[in-house]
Amino acid sequence: MTNRIDLAKRAPKVYRAMIALDAAAREGLDEQLAELVRIRASQLNHCAYCLNMHTADARMGGESEARIYLLNAWEEAGDLYTEKEQAALRLTEAITVLSSHEYVNDDVYEQAAKHFGEDELAQLIALIFTINSWNRIAVSTRKKPAVR
C-alpha cells in the first residue's frame, strides 16, 4: 500500500480552502442533522476516517446509538428519523451516488424543498458536496481513522 499524502502539508492552500468551505457549508444547519448527513455520505463512500470522526462527533452532540447504528438502513427504520431528516438523507444519497447516468431526481429535490427553505436547502446541498469532497480526500490520501 502506498504511503498516505498529508494534504494539509503538501497542498496547504487547498486544505485551507476546504476548511473554509466546510465552515461556510455548516452555517445555519442543525448540527445533529448535519452529522447524520456526514455519516450517511461517509457510509456510501466507504470513508473509514470520516465515519469514525462523525459518529464520535454525533455521540458527543447527543445523538442516540440506535439512530447512528440504523442510519445505514434509515428507510427501514420506521419513524426513528423525522420526515425532514429522511428528506435530507434521501438528498444526500442522490447527490453522493451521482454517475454518468444519474441525477438528483425531481421527487427527491421536491421532498427536500418541502422541508427546507431555499437558504437552508442551499446550505444542505453545500454540506453534502463538502462531506463528499472530504470523503474523497481521506480515501485518496489513505487517511486512517484515529480510534477514539
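Select Thr96 and show whatever touches it: leaving out neighbours within four places in sequence, its contacts are Ala41, Leu44, Asn45, Ile128, Asn132 and Arg136. Keep in mind as you click around that this is a predicted model. Thr96 belongs to helix H6, residues 83-96. Is Thr96 buried or exposed? It counts as buried because its relative accessible area is 6%, and the cut-off for buried is under 20%.

Now draw the polar contacts of the Thr96 side chain. One goes to the backbone oxygen of Thr92, at 2.7 Å. Another goes to the side chain of Asn132, at 3.0 Å.

Asn132 takes you to the next stop, as it is one of the buried residues of H8. Select residues 118-140 to get the whole of helix H8, which has 23 residues. From first C-alpha to last, H8 reaches 33 Å, close to the 33 Å expected at 1.5 Å a residue. Colour its buried residues, among them Leu121, Leu124, Leu127, Ile131, Trp134 and Ile137. Which helices do the buried residues of H8 pack against? You'll find H1 (7-10), H2, H3 (31-44), H4 (48-60), H6 and H7 (106-115).

Step off the end of H8 and click Arg142, which sits in the segment after that helix. Check its backbone: phi is near 60 degrees, a positive value in a residue other than glycine. Arg142 counts as partly exposed because its relative accessibility is 35%.

Next, select helix H3, residues 31-44. Its end C-alpha atoms are 20 Å apart, which agrees with the span that its 14 residues should have at 1.5 Å a residue. How many of the 14 residues of H3 are buried? The count is 11, so this helix is mostly covered. The buried set includes Leu33, Leu36, Val37, Ile39 and Ala41, along with Glu35, Arg38 and Arg40. The buried residues of H3 pack against H2, H4, H5 (65-69), H6 and H8.

Look at both ends of H3 while you're there. At the N-terminal end, Asp30 is the cap, with a side-chain oxygen 3.2 Å from the backbone nitrogen of Gln32. After the helix comes His46, whose phi is positive, near 55 degrees. His46 lies in the loop between H3 and H4. It counts as exposed because its relative accessibility is 68%.

Now switch to a surface view and find the largest pocket, which holds about 360 Å³ of space. Which residues lie nearest its centre? Select Tyr15, Tyr49, Met53, Trp134 and Lys143, which belong to a lining of 22 residues. Trp134 is also among the buried residues of H8. H1, H2, H3, H4 and H8 each supply at least two lining residues, and H4 gives the most, with five. Colour the lining by type and you get 12 nonpolar, two polar and eight charged residues.

For a last stop, click Pro12 in helix H2, residues 12-26. Pro12 counts as partly exposed because its relative accessible area is 32%.

Notes
Residues are numbered from 1 along each chain as its sequence is written. This is a predicted model: local features need pLDDT of at least 70, side-chain atom pairs count only at pLDDT 80 or more; totals for chains, interfaces and linings use all residues. Side-chain values use heavy atoms; hydrogens and water are left out. Helices (H or I, at least four residues) and strands (E, at least two) are DSSP runs, numbered from the N terminus. Buried means under 20% relative accessible area, exposed over 50%, partly exposed in between (1.4 Å probe, protein chains only). A polar contact is a pair of N or O atoms within 3.5 Å; within protein, one must be able to donate a hydrogen and the other to accept it, and residues adjacent in sequence count only if both atoms are side-chain atoms. Contact means heavy atoms within 4.5 Å. The expected span of a helix is 1.5 Å times one less than its number of residues. On a 1 Å grid over the protein atoms alone, a cavity is a set of points where a 1.4 Å probe fits but cannot get out, and a pocket is an open set with protein on both sides within 12 Å along at least five of seven lines; lining residues have an atom within 4 Å of a point. Grid points are joined across faces, edges and corners, and a volume is the space filled by probe spheres set on the points. Ala, Val, Leu, Ile, Met, Phe, Trp, Tyr, Cys and Pro count as nonpolar, Asp, Glu, Lys and Arg as charged, and the others, Gly among them, as polar.
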